Protein chains: 2
Amino acid sequence: MWVIMEKFEITILGCGSALPTMKHQASSQVINVREKLFMIDCGEGTQVQLRRSRLRFNRLNHIFISHLHGDHCFGLIGLISTFGLIERTAELHIYSHPDLVPLLESQIHYFCKGLTFHVLFHPFSPEKRETIYDDRSVSVETIPLSHRIPTCGFMFREKKTPNHIKRDMIDFYHIPTYLINRIKNGEDFVTEDGKTIPNNLLTTPSAQPRSYAYCSDTAYLPQITEQIKDVDLLFHEATFAESEAIRAKQTFHSTATQAAQIAVAANVRQLIIGHFSARYDDESILLEEAQRIFPNTLLAKENLRISL
Amino acid sequence: MWVIMEKFEITILGCGSALPTMKHQASSQVINVREKLFMIDCGEGTQVQLRRSRLRFNRLNHIFISHLHGDHCFGLIGLISTFGLIERTAELHIYSHPDLVPLLESQIHYFCKGLTFHVLFHPFSPEKRETIYDDRSVSVETIPLSHRIPTCGFMFREKKTPNHIKRDMIDFYHIPTYLINRIKNGEDFVTEDGKTIPNNLLTTPSAQPRSYAYCSDTAYLPQITEQIKDVDLLFHEATFAESEAIRAKQTFHSTATQAAQIAVAANVRQLIIGHFSARYDDESILLEEAQRIFPNTLLAKENLRISL
């Protein structure tokens, strides 16, 4: 039995925190689900990181903003402006807290005259859980978080694809074309002489749908575990080490320990931590701290690509 | 005879044009005149380049914006926001076309709540020549340019410093302290018995005042040569090679040839060209073109520092 895997890939464009450093860019990632690109957050410098990633600009049509701190959205105007200069035509959809709309619109109006494409805003309230995007491949749901201003994470859930037909069996049983889609979707086939051919002889199962949860920025918030239960990959912020737990609490951020505790409680397959405070020259202290609790933890870094 | 040179240094933070690339950052430079830092333009990513430069943030109090295209000003909000996070207290003065004021103010108001320092705007009209900054070390004058929107360059003129006294001669003639400043400024000394000691025996001359002209973005504009006559260093944009002269004219930019022609006509000591179009992987074509006309030409590049 074999399974065709379509792409579900996360590319980290930036994983620093509020103070940019020479090592880390401001927050941004791109999620590639079956060749559609979705951006989460867009800090200053994202457009250059996007270019560096060699992802195709014209496949990026949706940008989700977790919250309106500058390190998560100051790169939007530059990205939009550049899309204008390269004469993009596809619509660009931006999902964010409603306050972004007038701020960004006034900049677009002034700096991007004669824009060759439409920017469409989809304001939502980060404080309530809702599905803000849905197509035949994937849905995106908000994950309300606890930060100094309204903030949410995003849950990407791939949809199950139809099974793959076994071409040779289709030929062998002379199955007519009009039945193929029904067989892909699980029906058995009944031959002219009434014999039932079970679906599992005619198809191979499609891959299990995959899921990705992005949770940044947030204080330690155990109630999210229910919503992100069993995800394949969890990105959780780990701005601080546990030695800075008080500062983490004060600033509504998490420690590496807390990120790992969330991963354990939610039974995720893999954890990636990021949004590192500029105070850590070497984040291995954060990695080791998280791995003591949840061994399958990775450190985010710029240009890292992870396939699910 | 020896001369004490105080700093007059230009650091290139970014010298790309509108489309950022992996090689070049958006426009920004810092001019260090005797340990006061002045920034010209502030494209996206400038704050990280400033950090990379290791220039001291708290000595930067004045930012001059040549024109309101995004690649010259999108980095302002991130820089201001970061100055807030590191709890700057010194005032920050921004000199620009008046249109920037409401746009940037509304962003500061939203994103930089509780800012620990004042941002003071000094709007000016880039279309007329005027002195927009003046202190005891340096003056900054606008250089009206020809671009698609109101644009100006900036002329930095250092002021002459007093001569340096020769300590041993001061001691030898028992010159009283209250006369020292007058002698530094050129007076002779008359001894008690009426003998005149000429100033050149008592002092060494201070360095010749230096000057720097920044001209970007602009179409070929020969009338600026009168204003920038004899400057020590001219930064002139050279977005294109001469083979793209038509495109340069259409977009109100200059070719490397034209930049060099301006340098010749203005009799400048040294030329540095920048604001390179993203189409040039290798800018040596631009350098060679300019050097054929004006041999003392340099290519700008990120992190380059030039002392005058």
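**Two chains, a few close looks**

Let's start at one residue. A:V190 is in contact with A:K195 and A:T196, leaving aside neighbours within four places in sequence. Contact here means heavy atoms within 4.5 Å. A:V190 sits in strand β11 of chain A, residues 189-190. Helices (H or I, at least four residues) and strands (E, at least two) are DSSP runs, numbered from the N terminus. A:V190 is partly exposed, at 48% relative accessible area. The cut-offs: buried is under 20%, exposed is over 50%, partly exposed is in between, with a 1.4 Å probe and protein chains only. Between A:V190 and A:E9 there are 181 residues in sequence and 39 Å in space, C-alpha to C-alpha.

Ground rules next. This is a predicted model: local features need pLDDT of at least 70, side-chain atom pairs need 80 or more, and totals for chains, interfaces and linings use all residues. Residues are numbered from 1 along each chain as its sequence is written, chains are lettered from A and ligands numbered from 1 in the order written, and side-chain values use heavy atoms, without hydrogens or water.

Confidence. pLDDT is the predictor's confidence in each residue, from 0 to 100. Chain A averages 95, and 99% of the residues score at least 70. For the complex, the predictor gives an ipTM of 0.91 and a pTM of 0.92.

Now helices of chain A. How many of the eight residues of α1 are buried? Six, so this helix, residues 46-53, is mostly covered. Those are A:T46, A:Q47, A:V48, A:Q49, A:L50 and A:S53. Their cover includes β1, β2, β3, β4, α3 and β18 of chain A. Just after α1, A:R54 takes a positive phi of about 60 degrees.

Then α4, residues 100-111 of chain A. This helix has 12 residues and reaches 16 Å from first C-alpha to last, close to the expected 16 Å. The expected span is 1.5 Å times one less than the number of residues. Buried in α4 are A:L100, A:V101, A:L103, A:L104, A:Q107, A:I108 and A:F111. An α-helix has 3.6 residues a turn, so residues three or four places apart point the same way. Cover for the buried residues of α4(A) comes from both chains: among them α3, β5 and β6 of chain A, and α3 of chain B.

Over to chain B, and an open sheet. Seven strands, mixed pairing, in the order β7-β8-β9-β14-β15-β16-β17. Two strands pair if DSSP finds at least two bridges between them. β7 and β17 are at the edges with a single partner each, so one side of each has no neighbour in the sheet. Neighbouring strands are turned by 15 degrees on average, direction ignored. Helix α9, residues 284-293, packs on the sheet and touches β16 and β17; its direction makes about 170 degrees with that of β17. Axes are lines fitted to C-alpha atoms, for helices over the stretch in contact; angles run from 0 to 180 degrees between N-to-C directions. β8 and β9 run antiparallel, joined by seven bridges. B:I143 stands opposite B:G153 in β9.

Last, two loop residues of chain B. B:H69 lies between β4 and α2. Buried or exposed? Buried, at 17%. A polar contact of 3.4 Å joins its side chain to that of B:H147. That means N or O atoms within 3.5 Å; within protein, one must be able to donate a hydrogen and the other to accept it, and residues adjacent in sequence count only if both atoms are side-chain atoms.

B:N163 sits between β9 and β10. B:N163 is buried too, at 16%. A polar atom of its side chain lies 3.2 Å from the backbone nitrogen of B:S206.
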